[in-house]
Amino acid sequence: MDVTGILDEHKNRFKSIQVERLVPVEFDLGLMACFDVNMIDEAQLRASQKARDTYLQELSREGAQLMINELFSLPTTVDEDSVYATLPAIRTVLPREKPAPKEKPMTRWEKFAKIKNIQNKKKSRMVYDEEKAEWRPRFGFKGVNNDDQKPWLIEVPGNADPYDDQYKARREEKKERIDKNARRAQRNFEENLAVEKGMKPRDMRKRELQSALVLSKGSTASMGKFDDKLAGEPKVKGLKRKFDPLVKNSDKEKSNNMEILNRVSKGEAKTTSVVNVRKAQRAINNAKRSKKQEK
Amino acid sequence: MRPLTDDETKVFFEKLTKYIGRNIVHLIDRPDEPYCFRLQKDRVYYVSESIMRKTTAIGRQNLISLGVCFGKFTKTGKFRMHITALPSLAQYAKYKVWVKPNGEMPFLYGNHVVKAHIGRVTEDMPEHQGVVIFNMADVPLGFGVSARSTVDMRKVDPTGIAVFHQSDNGEYLREEDALF
């Protein structure tokens with residue numbers, strides 16, 4: 001049986017997988033991209049639409065064929081039923097999607113640590129508790145740091161009143177530590193804000209206090225007009241409105257009014273331009289009919 | 001008494017254009033004598049310039065009114081048109097509605113104008129547009145806002161509201177104390 005004829009016929013049905021290119025095509029298989037810098041035949045582009053379409057389709061097919069050839073030459077891994085090609089690392093550098101994050105300003109502790117050259121010692125999350133013979137977190141839920149909060153016994157220290165609640169005292173100390181930390185974080189935030197704005201933190205606080213003072217003075221029922229003023233308080237200046245003179249030059253007044261009127265009518269025209277469709281259609285029909293009659 | 005600031009003029013003209021459109025030009029630019037708008041105690045008065053100059057002699061507490069009062073500015077800065085502006089509005093109105101004799105009295109008592117009472121309407125009137133209401137003898141009765149466009153008016157049943165009442169001549173009697 002001569003099957004070569006049938007095989008040839010089958011092969012000729014599909015286009016060739018070998019593609020010739022003058023300049024070799026560059027591949028970035030990590031992105032499944034290929035960059036073809038060959039010149040496009042301008043004559044083909046300017047030809048009829050059908051010829052142009054077939055030319056461009058040929059180009060795209062050949063480009064895709066080249067890439068698929070490369071993809072098939074990659075190393076493969078076999079999963080349950082399917083074969084996967086492992087793509088190499090991406091080579092083209094893609095631009096940033098979002099702007100780069102700003103440098104965060106240093107906190108007070110960070111500045112101090114820098115001067116004294118104190119390094120941050122990394123601590124593990126879990127600590128081995130000898131008593132309970134298990135690993136517990138250093139802080140947080142069931143953490144080792146909270147062991148002193150609810151012991152079964154607390155000795156009253158020598159200098160304390162025997163009727164004081166020591167458990168309460170422990171709780172309050174912890175709360176105070178947390179609040180102190182929060183205050184310090186807030187202070188860091190405000191200082192950095194002031195530095196960002198270009199002012200010293202102390203001056204910024206002073207300004208805020210002054211504006212708060214002025215606002216609070218005006219928050220009385222009579223807007224602060226009849227309150228006793230402290231000695232040495234600066235007088236708060238309000239806005240003074242300036243009106244046009246009563247008897248103006250009539251031409252100037254007229255032109256001013258006309259200007260404002262123009263602005264207003266422009267705004268009105270934009271919002272309320274109602275077209276009567278029937279009337280417009282009638283006008284178009286009349287124009288067409290008169291044109292026909294002329295002919 | 002003082003002239004209006006630019007912002008106040010803008011608000012005032014915006015309200016006026018709803019009723020008379022570009023015809024405000026005829027109010028500003030008069031052939032016989034220059035007229036101007038002045039503000040006294042939040043009310044806008046339309047007065048000829050010669051009379052206005054004479055009024056400068058009267059003190060603020062003693063001056064009640066001058067020229068024609070068009071309306072007043074509310075505390076929040078919006079402008080409210082009064083019935084005293086009707087003669088100027090009626091002269092230059094863009095959209096007019098004529099009311100049948102049996103519909104005059106309900107309107108003058110302060111009710112909205114119902115479709116059954118409408119005699120004539122200017123064509124191409126859009127919805128929510130300022131209209132001036134006349135009786136069949138072309139006497140202006142008041143002004144209001146159209147409830148529907150002329151085209152939609154045909155579809156409404158006769159008891160439907162055609163024009164929302166805003167101000168009518170009856171207010172001279174009903175709101176005597178508010179006029180000054």
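Q: In which helix of chain A does Lys206(A) lie?
A: The model is a predicted one, and every value discussed here is computed from it. Lys206(A) is one of the residues that form a positive surface patch, and with 55% relative accessibility Lys206(A) counts as exposed, because exposed means over 50%. The helix of chain A that holds Lys206(A) is α6.

Q: Which element gives the most residues to the positive patch?
A: The patch is formed by Lys180(A), Arg183(A), Arg184(A), Arg187(A), Lys200(A), Arg202(A), Arg205(A) and Lys206(A). The elements that give two or more residues to this patch are α5 (166-197) and α6 (201-217) of chain A. With 4 residues, the element that gives the most is α5(A).

Q: How much accessible area do Val3(A), Ile6(A) and Leu7(A) have together?
A: These residues form a nonpolar patch on the surface, and one of them, Leu7(A), is found in helix α1 (residues 4-13) of chain A. Leu7(A) counts as exposed, because its relative accessibility is 55% and exposed means over 50%. Together, Val3(A), Ile6(A) and Leu7(A) have an accessible area of about 290 Å².

Q: What is the geometry of the aromatic pair formed by Phe12(B) and Phe70(B)?
A: The count of aromatic pairs over all chains comes to 14, and Phe12(B) and Phe70(B) form a pair with ring centres 6.1 Å apart. The angle between their planes is 75°, and planes over 60 degrees apart are counted in one class. The geometry of this pair is therefore edge-to-face.

Q: How many residues apart in sequence are the parts that Phe12(B) and Phe70(B) tie together?
A: Phe12(B) lies in helix α1 (residues 6-20) of chain B, whereas Phe70(B) lies in strand β4 (residues 68-73) of chain B. Because the two residues sit in these elements, their pair ties together parts of the chain whose separation in sequence is 58 residues.

Q: Are Phe12(B) and Phe70(B) buried or exposed?
A: Both residues belong to a cluster linked by ring pairs, which also includes Phe13(B), Tyr35(B), Phe37(B), Tyr46(B), Phe73(B) and Phe79(B). Phe12(B) has 0% relative accessibility, and Phe70(B) has 0% relative accessibility as well. Because a residue under 20% falls in that class, Phe12(B) and Phe70(B) count as buried.

Q: What is the distance, N to O, in the salt bridge between Glu62(A) and Arg21(A)?
A: The structure holds 15 salt bridges over all chains, and the one between Glu62(A) and Arg21(A) links parts of the chain that are 41 residues apart. Glu62(A) is in helix α3 (residues 49-72) of chain A, while Arg21(A) is in the loop between α1 and β1 (26-28) of chain A. The side chains of Glu62(A) and Arg21(A) meet at a distance, N to O, of 3.1 Å.

Q: Are Glu253(A) and Arg38(B) buried or exposed?
A: The side chains of Glu253(A) and Arg38(B) meet in a salt bridge (2.9 Å, N to O). The pair crosses between chains, from helix α7 (residues 250-271) of chain A to strand β2 (residues 35-40) of chain B. Glu253(A) has a relative accessible area of 6% and Arg38(B) has a relative accessibility of 0%, so with both under 20% these residues count as buried.

Q: Which residue of chain A meets Asp29(B) in a salt bridge?
A: Asp29(B) lies in the loop between α2 (24-28) and β2 of chain B, and its partner lies in helix α7 of chain A, so the pair joins two chains. Asp29(B) is partly exposed, with a relative accessible area of 38%. At 3.4 Å, N to O, the side chain that meets Asp29(B) is that of Lys254(A).

Q: What is the phi of Asp124(B)?
A: Most residues other than glycine have a negative phi. Asp124(B) is found in the loop between β8 (118-121) and β9 (130-135) of chain B, and at 30% relative accessibility Asp124(B) counts as partly exposed. Although Asp124(B) is not a glycine, its phi is positive, at about 55°.

How values were computed:
Residues are numbered from 1 along each chain as its sequence is written. Chains are lettered from A and ligands numbered from 1 in the order in which they are written. This is a predicted model: local features need pLDDT of at least 70, side-chain atom pairs count only at pLDDT 80 or more; totals for chains, interfaces and linings use all residues. Side-chain values use heavy atoms; hydrogens and water are left out. Patches are made of residues with over 30% relative accessible area and no salt bridge: like charges are joined within 9 Å, nonpolar side chains (Val, Leu, Ile, Met, Phe, Trp, Tyr) within 5 Å. Accessible areas come from the Shrake-Rupley method with a 1.4 Å probe; for residues, only the protein chains shown count as cover. A salt bridge is a side-chain nitrogen of Lys or Arg within 4 Å of a carboxyl oxygen of Asp or Glu. Lys and Arg count as positive and Asp and Glu as negative; His and the chain ends are not counted. The place of a charge is taken as NZ of Lys, CZ of Arg, CG of Asp or CD of Glu. Buried means under 20% relative accessible area, exposed over 50%, partly exposed in between (1.4 Å probe, protein chains only). Rings of Phe, Tyr and Trp (its six-membered ring) pair if their centres lie within 6.5 Å; planes under 30 degrees apart count as stacked, over 60 as edge-to-face and the rest as tilted.
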